[in-house]
Protein chains: 2
Amino acid sequence: MYEYTLKGPVKGNPFQDVVLSATFTHGDISREVKGFYAGEGKYKVRFMPEEEGEWKFATVCNIKSLNNKKGVFQCVAPAAGNHGKVNIDGLHFSYSDGTSYFPFGTTSYAWTHQCDSLARESLKTLEKSPFNKIRMCVFPKRYRYILNEPEYFAFAGDKKNGFDFTRFNPEYWDNLELRLQQLQDMGMEADLILFHPYGNWGFQEMTPEQDKYYLEYLLGRLASFRNVWWSLANEYHLLKTKSEEDWDEIARFIKDNDPYNHPISIHNHPAQEYDWSKNWVSHISIQTHDQIRVNELKVALQKPAINDECGYEGDLPDEWGNLSPEEIVHRYWTGIVHGVYTTHGETYLNPQEVIWWSKGGELVGESISRIRFLRNLIEINDLKLDYNKPQGWGKHVSGGDFDNGMLIYFGHHQPGSWTFDFPEGKQYEITLIDTWEMTEKKLESKCSGKFTVKLPAEPGKALLVTPL
Amino acid sequence: MYEYTLKGPVKGNPFQDVVLSATFTHGDISREVKGFYAGEGKYKVRFMPEEEGEWKFATVCNIKSLNNKKGVFQCVAPAAGNHGKVNIDGLHFSYSDGTSYFPFGTTSYAWTHQCDSLARESLKTLEKSPFNKIRMCVFPKRYRYILNEPEYFAFAGDKKNGFDFTRFNPEYWDNLELRLQQLQDMGMEADLILFHPYGNWGFQEMTPEQDKYYLEYLLGRLASFRNVWWSLANEYHLLKTKSEEDWDEIARFIKDNDPYNHPISIHNHPAQEYDWSKNWVSHISIQTHDQIRVNELKVALQKPAINDECGYEGDLPDEWGNLSPEEIVHRYWTGIVHGVYTTHGETYLNPQEVIWWSKGGELVGESISRIRFLRNLIEINDLKLDYNKPQGWGKHVSGGDFDNGMLIYFGHHQPGSWTFDFPEGKQYEITLIDTWEMTEKKLESKCSGKFTVKLPAEPGKALLVTPL
């Protein structure tokens, strides 16, 4: 991220009065980005170059002293571990440098709205976690188990005296950016939820104009983070103040003002799916217990699919918050062999009511280590699982192909043997996997042709088939 | 069962030439039953009286020597353990004496078509089993893993020279009746599958007239067994030689010729449900993995529902034959709290290919002991589970009511607590159940009002709530 800071007026309402943008050029490439007022008389334009080499820029502003400011900088090669932004890659994802990105996300809606010590605890647990994406809200969340007030808000003002939707609170945004940077430093994507239905601060009742004003500011500040994704809403249809047209309009506005084309979607409540076939939707971000349904959608819409809420591991008395870790692991594996990615969530109750799902804190569940095991397996073998080459019911339980590798997950099934019909002239290695015990056992190191492998006839087993 | 035997002609085709029936009367009750030729010059009429006391009868026959034969007999009180025929009782079943009948069946399609020693082995295992019903075919079965020829067939003739659909083979029927009696002696209902699609002996290609001829003989011989049920077909729509009208006609014929109104249904393949709303259908006999769907149907049609094929426990390489015992137990419990009964099946491969599902033999699976545990629980507490009194998501996981007892099955959910809102002035006992370990632990011996019980937050748990 390149950031250019100017000094300017503090009088009036700089958020509204000063209209700043800049055009960045490199060879034939030209990109216009919006600037923003960062508080204390500072105006900034931020830019994420997507090509190495020399970039030039010039500002455009309705304030003369900030207009036509020019500069030049060198975009150097990415540092180690920086693979760039995540992009849609067929039915999967990859980074800008071509490396595969397999989304193994988690959810903590309001972790950035908690006190610094708790947020740092969340970051610590995230760093040790298997996750490479987190779903999180820009606006604070109010719901059962999360009734505390946040320290600061996106807008100026407070709940008692009301918020001024024409002025932002730079302190809030500085904190959010700190968290985004910390996530980026540990290789984690931030799936930012831009609107949601759970709160009583008035952010749900903003007008379409106020929504756009908010989004423009947000895009100016955050779009140049390479690790951000846009999630228009969580459980969109519970947000009764917005119509389907409103969502379309919000999406159009973001698409027009995000120069980088970050992944973008919208998340549903199980009672109502969204029409993810719309052009602006880059990937399916569904909530359902049914991974087979997600696969159906993925195939029908030809877009990558993430089940961003398959259920939470936990022990809450609430229906949505008490799946067993075994069931979570089962849903992950069922998803992955169908080329469906799954997002984790955790809802174990503790006396402090610091529940990962909303406040962050410490991850304690038993599915996590199994998700790490699965992620490692997928990444090490670079398994983009879609096609199903096995015949018969194999296609219901397997993903991949004979050229690039295949994963078969038997789930509740426990066949005592499995027969392959391998393509002529090719040899394969077969590894038996226990998805819960996280063990791998080589069953066959070289097999070919019509080949039957004996299996232990126990549930929760999988086979990894690797071409030699 | 009362049986009256007459001696008559052996010449010609006695099955066809002699038309015998009898009318049995007791007070105002009058029942007409068809007689049948039992071979070796013996003609029989069988009758199942449903009232104690003196019954009189007189035959009607187109052969003078068998016509207007009269008799009288005393129907005495039922022996211990004889509760009579099973009847529909709202959304459940009960015996004629009012005792609840909870169907916990199993499936062994062709066990009566195997050699005597194997059939006796099957009976031995059944006697030790938790089952009180068995689904079994009248016609032999030919399918993967069951390719042996049966010893005898329902009709005269053989495969090589063809069958004579106008003559029956009494040896076959004697054997079938022996098995039905043996089942009855151990308190087991026989859900007789009258037609099915798996075979190459020509029984699928009989004409509607031949079908009725067969059914009339079958009803004359078997309807007086108190433990028979009629299942028109297994996976009816795979039997391409019969149309929907044919099934209706078969059903009408049975209803007209079964004086006792035995339970009657037809079984589907998952690819196509049957319209069980039809008048003649006494109960739903579905095949599906989805117990929630069965409950939907039960509620919509207001008929008791048995999931007669929820999947088989086993280790076959075939998709339909390798569910884990854990999953089977999960389906049973999911079913029962919805007031849905489930039928067991087992498909473990052995070197002899004697698989319980078709040939019988020995039950070896791990779900059986858990099914026994569940059946005991249901019977001891006489739990007819339909209504759902708990509020919220409790209605998704529980059955029963506050007056008669309630069962809650959490399945993959593992709440750390559960809150009841008991009706005023009533007290309850709460027992924690581990559905796999088969343990019962009294959590509370006397609770009332709004009451929260702590739970262990592990999957596969259930609560039994008993009014004091």
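Guide: Helix axes are lines fitted to C-alpha atoms over the stretch in contact, and the angle between them runs from 0 to 180 degrees between N-to-C directions. Please bear in mind that this is a predicted model.

Visitor: At what angle do helix α2 and helix α3 of chain A cross, and how far apart are their axes?

Guide: Helix α2 (residues 116–128) of chain A crosses helix α3 (residues 170–185) of chain A at roughly 15°, and their axes come within 11 Å. Angles under 35 degrees count as roughly parallel, and α2(A) and α3(A) are therefore described as roughly parallel to each other. The crossing of α2(A) past α3(A) is right-handed.

Visitor: Which residues make that contact?

Guide: From α2(A), the contact uses Asp116(A), Ala119(A), Arg120(A), Leu123(A) and Leu126(A). From α3(A), it uses Arg179(A), Gln182(A) and Leu183(A). By class, the contact of α2(A) with α3(A) comprises four nonpolar, one polar and three charged residues. As a general idea, an α-helix has 3.6 residues a turn, so residues three or four places apart point the same way.

Visitor: What is the angle between α2 and α3 in chain B?

Guide: In chain B, helix α2 (residues 116–128) and helix α3 (residues 170–185) pack at about 15°, with axes 11 Å apart. That angle makes α2(B) roughly parallel to α3(B). Here α2(B) passes α3(B) in a right-handed crossing.

Visitor: Is Ile378(A) buried or exposed?

Guide: Buried means under 20% relative accessible area; Ile378(A), at 0%, therefore counts as buried. Ile378(A) lies in helix α9 (residues 367–380) of chain A. Apart from residues up to four places away in sequence, Ile378(A) touches Phe102(A), Phe104(A), Ile336(A), Leu383(A), Leu385(A) and Leu407(A). Ile378(A) and Thr466(A) are 88 residues apart along the chain, and their C-alpha atoms are separated by 12 Å.

Visitor: Where is Glu149(A) placed, and with which residues is Glu149(A) in contact?

Guide: Glu149(A) sits in the loop between β11 (133–137) and β12 (155–158) of chain A. With a relative accessible area of 37%, Glu149(A) is partly exposed. Leaving aside neighbours within four places in sequence, Glu149(A) contacts Arg142(A), Lys159(A) and Trp201(A). Between Glu149(A) and Gly392(A) there are 243 residues of separation in sequence and 55 Å in space, C-alpha to C-alpha.

Visitor: What is the phi of Ala457(A)?

Guide: Ala457(A) has a positive phi of about 55°, although it is not a glycine. Ala457(A) is in the loop between β27 (450–454) and β28 (461–467) of chain A. Its relative accessible area of 22% makes Ala457(A) partly exposed.

Terms used: Residues numbered from 1 in each chain as written. Chains lettered and ligands numbered in written order. Predicted model: local features only at pLDDT ≥ 70, side-chain atom pairs only at ≥ 80, totals over all residues. Heavy atoms only, no water. Helix = DSSP H or I, 4+ residues; strand = E, 2+ residues; numbered from the N terminus. Parallel < 35°, antiparallel > 145°, perpendicular 65-115°, else oblique. Left-handed = near helix turned anticlockwise from the far one by under 90°. Buried < 20%, exposed > 50% of the residue type's maximum accessible area, 1.4 Å probe, protein only. Contact = heavy atoms within 4.5 Å. Nonpolar A, V, L, I, M, F, W, Y, C, P; charged D, E, K, R; others polar.
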